[in-house]
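Thanks for making time this morning. I would like to walk you through one part of a structure, so please have a look at it first.

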Amino acid sequence: QAFLAQRQVECSLSPAEALPRPPLHIAKMGMKYCAAYLMAVLAGNDSPSAGDIQKILESVEAEYDSSVAEKLVSELEGKTVHEVIAAGKEKLKGFGGGGG
């Protein structure tokens with residue numbers, strides 16, 4: 001009965017209420033900072049700075065938060081994009097997928 005009661009509560013929640021929320025800095029970052037970082041790498045800058053990210057985002061009139069850009073740059077410092085992507089692919093292998 002407790003299981004059924006829990007399922008009813010879960011089903012009555014909206015999708016936004018049912019999913020756990022990511023930490024604020026991740027939710028705030030979105031994908032635009034990562035995309036700007038990757039654009040800079042594709043343009044030949046192997047180690048973009050927060051200023052590089054700022055230039056890219058401001059060129060399309062997007063909002064910019066220096067603390068978010070600096071956090072991203074600091075977490076990627078000393079790593080290549082290829083290493084980060086490869087590590088992410090390895091982590092995703094355990095999720096499985098596909099149909100039945």
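Predicted model: local features only at pLDDT ≥ 70, side-chain atom pairs only at ≥ 80, totals over all residues.

The largest nonpolar core is made up of twelve residues, namely Y33, A36, Y37, V41, A50, I53, L57, V68, A69, L72, L76 and V81. If we ask which elements give two or more residues to this core, they are α4, spanning 32-42, α5, spanning 50-59, and α6, spanning 66-76.

Let me turn to α4 and α6, whose axes come within 10 Å of each other and cross at roughly 55°. The crossing in which α4 passes α6 is right-handed. On the α4 side the contact involves Y33, C34 and Y37, and these meet V68, A69, L72, V73 and L76 of α6. What kinds of residue make up this contact?

Finally, consider A50, which belongs to the core and which, once its neighbours within four places in sequence are set aside, is in contact with Y64, A69, E70 and V73. E70 lies in helix α6, and although E70 and A50 are 20 residues apart in sequence, their C-alpha atoms are 5.4 Å apart in space. Is E70 buried, exposed or partly exposed? Its relative accessible area is 45%, so E70 is partly exposed.

Definitions and conventions: Residues numbered from 1 in each chain as written. Heavy atoms only, no water. Core = buried A, V, L, I, M, F, W, Y, C linked by side-chain atoms within 4.5 Å. Buried < 20%, exposed > 50% of the residue type's maximum accessible area, 1.4 Å probe, protein only. Helix = DSSP H or I, 4+ residues; strand = E, 2+ residues; numbered from the N terminus. Contact = heavy atoms within 4.5 Å. Axes fitted to C-alpha atoms, helices over the stretch in contact; angles between N-to-C directions. Left-handed = near helix turned anticlockwise from the far one by under 90°.
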